Amino acid sequence: MKYHQIDRNLFIKNRKKFTAEMKPNSVAVFNSNDIYPVSADSTLPFAQHRDIFYLSGVDQEESILVLFPDAHLEKYKEILFLRETNEHIAIWEGEKLTKERAFEVSGVKTVFWLQDFHKILKELMSYSDTMYINTNEHYRASVDTETREARFVKWWKENYPAHKVEKSNTILQRLRSIKEPEEIALIQQACDITEKGFRRILNFVKPGVWEYEIEAEFAHEFLRNRSKGFAYTPIIASGKNANVLHYIENNQQCKDGELILFDVAAEYANYSSDLSRSIPVNGKYTARQKEVYNSVLRCKKEAENLLVAGNDWHTYHKQMGEIYTKELLDLKLIDKADVQNQNPEWPAYKKFMMHGTSHHMGLDTHDYGILTDKFVEGMVFTNEPGFYIPAEGFGIRLEDDYVIQKSGNPLNLMKNIPLEAEEIEDLMNS
């Protein structure tokens with residue numbers, strides 16, 4: 001791995017939190033992701049399933065974590081199963097985890113090779129009443145591919161139909177939404193790498209550059225700072241492209257007088273950051289661009305006052321809708337009649353601000369978190385207001401990442417990344 005080894009005590013803590021929520025005499029199983037094929041002998045780069053990583057720190061394919069806190073034998077309370085390595089694999093694929101190295105990474109003392117999994121699971125099933133299966137129930141999830149986890153669940157149900165079933169996801173949604181200090185430090189590192197990338201492109205952007213050239217500058221800076229790369233597919237949207245919320249082609253030339261909307265950020269050690277900025281191609285905002293920019297920035301600052309312990313996602317977004325409405329009235333993009341006649345299910349402001357202001361962030365860019373839960377200390381959220389104006393040929397989004405505090409306003413993990421319009425102009429023209 002490119003990143004520095006994470007202290008295994010983080011994963012020990014995470015497992016203790018999870019097992020404390022398990023029902024008596026129950027087993028939980030977590031699988032790595034597959035390596036997905038492209039064509040012929042080509043594959044996509046491996047990306048670890050975030051749940052097994054959260055609970056073990058193991059960042060390797062064909063790995064399984066089993067938790068059985070009520071096991072009679074101490075060695076069966078926590079078990080890792082790993083693909084057995086050999087000289088051939090070492091030559092062709094590189095180093096894999098040994099049993100000793102797996103303990104150093106995870107703190108799990110019992111490590112078996114993968115070929116022993118079914119035999120040992122059969123023994124554990126004979127002593128247990130309940131199985132925790134791990135299904136993807138994130139509110140944004142839309143999965144067509146059968147995952148390794150899904151195949152295991154199907155196999156297990158066919159072979160152990162008499163056991164009770166519980167869901168790991170219900171526990172993980174809450175546990176993963178509240179970050180340990182070590183996790184916040186890793187997200188901070190991802191944010192710091194993102195800052196380096198953004199400062200680099202401020203000195204690179206000028207009329208005539210191509211969106212993909214800017215993408216390459218980000219990638220260079222991220223990789224040279226021990227990131228695997230982008231936390232998500234980067235958006236580098238010049239001019240009217242900014243009005244396509246998930247524009248990822250990044251294949252247009254940036255023209256004098258246009259704005260570029262960036263939604264680009266680095267990962268570090270599988271933890272995400274999430275940044276949006278909107279900058280002038282020529283280094284100078286027009287009067288109208290700056291007027292809209294400062295309006296979006298005011299919305300972002302108002303959101304900071306609402307991302308506080310005790311608020312909740314639904315109330316927060318209703319409050320933000322009122323703020324957007326006021327700003328859009330001031331910008332003369334909507335009028336009082338639009339507001340009076342608006343559909344409550346799709347208020348007038350939604351014509352220019354269609355997406356949510358904040359989402360949970362962590363191991364996944366759109367991380368686990370139950371939207372009906374109150375905000376509590378340790379949750380990490382984005383704050384990303386935007387106004388999109390196709391008729392004027394530009395859109396603006398501004399986004400930083402915040403940690404909810406016990407009291408008062410949230411901690412901005414991106415506070416050092418240039419944000420004010422004048423600062424961006426000064427840096428681009430220095």
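Strands β9 and β10, the latter spanning residues 259-263, are joined by four bridges and pair in the antiparallel sense. The model described here is predicted. Within this pairing, isoleucine 236 lies opposite phenylalanine 262 of β10.

The two strands belong to an open sheet of three strands, ordered β9-β10-β13, in which the pairing is antiparallel. The edge positions are taken by β9 (235-238) and β13 (276-280); each has a single partner strand, so one side of each has no neighbour in the sheet. From one strand to the next, the twist averages 15°. In general, the strands of a sheet pair through backbone hydrogen bonds, in either a parallel or an antiparallel arrangement.

Helix α8, made of residues 181-202, lies across β10 and β13 and runs at about 10° to β13.

**The chain as a whole**

The chain contains 13 helices and 18 strands. Its radius of gyration is close to the value that the globule rule gives for 430 residues, so the chain is as compact as a globular protein of that length. The table lists values for the whole chain.

| Property of the chain | Value |
|---|---|
| Radius of gyration | 24 Å |
| Box filled by the C-alpha atoms, along the principal axes | roughly 70 × 50 × 40 Å |
| Accessible surface | about 19700 Å² |

Carbon and sulfur atoms hold 51% of the accessible surface. Of the 430 residues, 54% count as buried. Among contacts in the chain with a separation of 6 or more, 72% are between residues 24 or more positions apart.

**Helix α5**

Helix α5 covers residues 117-127, and its buried residues are Phe117, Ile120, Leu121, Leu124 and Met125. Why do the buried residues of α5 line one face of the helix? Seen down the axis of α5, they fall within an arc of 140°, so they line one face. As a general point, an α-helix has 3.6 residues a turn, so residues three or four places apart point the same way. On the other side of α5, Lys119, Lys122 and Ser126 are exposed.

What do the buried residues of α5 pack against? Their partners include the strands β1 (26-31), β4 (64-67) and β5 (78-82). They also pack against β6 (110-113), β7 (130-133) and helix α6 (148-159).

Conventions. Residues numbered from 1 in each chain as written. Predicted model: local features only at pLDDT ≥ 70, side-chain atom pairs only at ≥ 80, totals over all residues. Heavy atoms only, no water. Pairing = 2+ DSSP bridges. Axes fitted to C-alpha atoms, helices over the stretch in contact; angles between N-to-C directions. Contact = heavy atoms within 4.5 Å. Rg over C-alpha atoms; globule rule 2.2 N^0.38 Å. Buried < 20%, exposed > 50% of the residue type's maximum accessible area, 1.4 Å probe, protein only. Areas by Shrake-Rupley, 256 points an atom, 1.4 Å probe, with all protein chains shown as cover. Arc of directions from axis to C-beta.
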